Amino acid sequence: MKTRVTDILEIEYPIIQGGMAWVAEHNLAAAVSNAGGLGIIGAGGAPAEFVREQIRQVKQATDKPFGVNIMLMNPEADAIAKVVADEGVKVVTTGAGNPAKYMEMWKAAGVKVIPVIASVAMAKLMERGGADAVVAEGMESGGHIGSTTTMALVPQVVDAVSIPVIAAGGIADGRGFAASFMLGAEAVQMGTRFVVAKESVVHQKYKDMLIKAKDIDSAVTGMSTGHPVRSIRNKMTKEYLRLEKEGADLMELEKLTLGSLKKAVVEGDVVNGTVMAGQIAGLVKSEQTCAEIIGEIMAQAQKLLNR
Ligand code: TUI
């Protein structure tokens, strides 16, 4: 299936893996790229040299294009932005901020830039700044989210910009893929489904929690701090939401979330850690290889889109 996104990124299938902090490391990124999608290393809060090492590992494991996601709240974002250009990475996606100050450097290095945005205004700003495409991410997503749903956001972004739009948030199968294309998207980005991929190195307890999750099992913490984050409901989210309701300040709230994603992903502490996942977790039922996931989605989508 050819779209402007598959052309620009030189990939076989218009499926991009989310740049999830701690989760999207070199094994997962290489597996998605080898399966014909775009694998992405999630730099998250990692130091720049760690990201360089991850990039080199993916290069060893695949000749296919792959990307790096830069979480712009990372204090090392400037250094990571340079590493991406130095290492000849083909694609960068950004999250949780405005990447304008890096755009010139990346363009000069021939890097394709795809900011993740959660509003029409930010999409227009990114297009004016030279972005090659945008990921329009709805609030169904896991992790740091905006406030508009995928269903409402994607068509409005599609109408507002002429660069290609990639839909994200609440997509985990061929139906979500086909629906996204009906809204005008030219690719999808998925996170939650790839968290439970066989090649994903997240702790088994994290995968099991997503596989067991039902439609209503996620919660959004941090509404009061301006950094809303969606994760699977657990002891941490209950405590966080209770403190938020009582008007606790940022310092007190951060005690619960400092290092809490690593705690869940690496240590498997799904009680006190942050188990970031999207609302679509209820649809994700088993561990499959990235090739199986992509193959299944493309077959289902093609059948639906041909109807
Ligand atoms: O970035 C994400 N998802 C993330 S980042 C992350 S790491 C983290 N951990 C704990 C607390 C906070 C973050 C986990 N999940 N998605 C892309 C995304 N970007 N969603 C929303 C945005 C966004 C928000 C504001 C993009 C631009 C933006 O602009 C603000 C401005 O005006 O600068």
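Which residues does Thr93 touch, not counting residues up to four places away in sequence? Select Thr93 and you will find Ile40, Val68, Asn69, Ile70 and Ile114 touching it (contact means heavy atoms within 4.5 Å).

Before going on, note that this is a predicted model, where local features need pLDDT of at least 70, side-chain atom pairs count only at pLDDT 80 or more, and totals for chains, interfaces and linings use all residues. Residues are numbered from 1 along each chain as its sequence is written, and side-chain values use heavy atoms, with hydrogens and water left out.

Stay with Thr93, which belongs to strand S4 (residues 91-95); strands are DSSP runs of E with at least two residues, numbered from the N terminus. Thr93 has a relative accessible area of 2%, so it counts as buried (under 20%, with a 1.4 Å probe and protein chains only). Its side chain makes a polar contact of 2.9 Å with the side chain of Asn69 (a pair of N or O atoms within 3.5 Å, one able to donate a hydrogen and the other to accept it; residues adjacent in sequence count only if both atoms are side-chain atoms).

Next, select the ligand. Among the 13 residues around it, the nearest are Ala96, Val116, Met122, Glu137 and His144 (around means a heavy atom within 4 Å). A ligand nitrogen lies 3.0 Å from a backbone N or O atom of Ala96, and a ligand nitrogen is 2.9 Å from a polar backbone atom of His144.

Finally, select strand S10 (residues 218-221): Ser218 and Val220 point one way, Ala219 and Thr221 the other, and all are buried.

Key: Buried < 20%, exposed > 50% of the residue type's maximum accessible area, 1.4 Å probe, protein only. Helix = DSSP H or I, 4+ residues; strand = E, 2+ residues; numbered from the N terminus.
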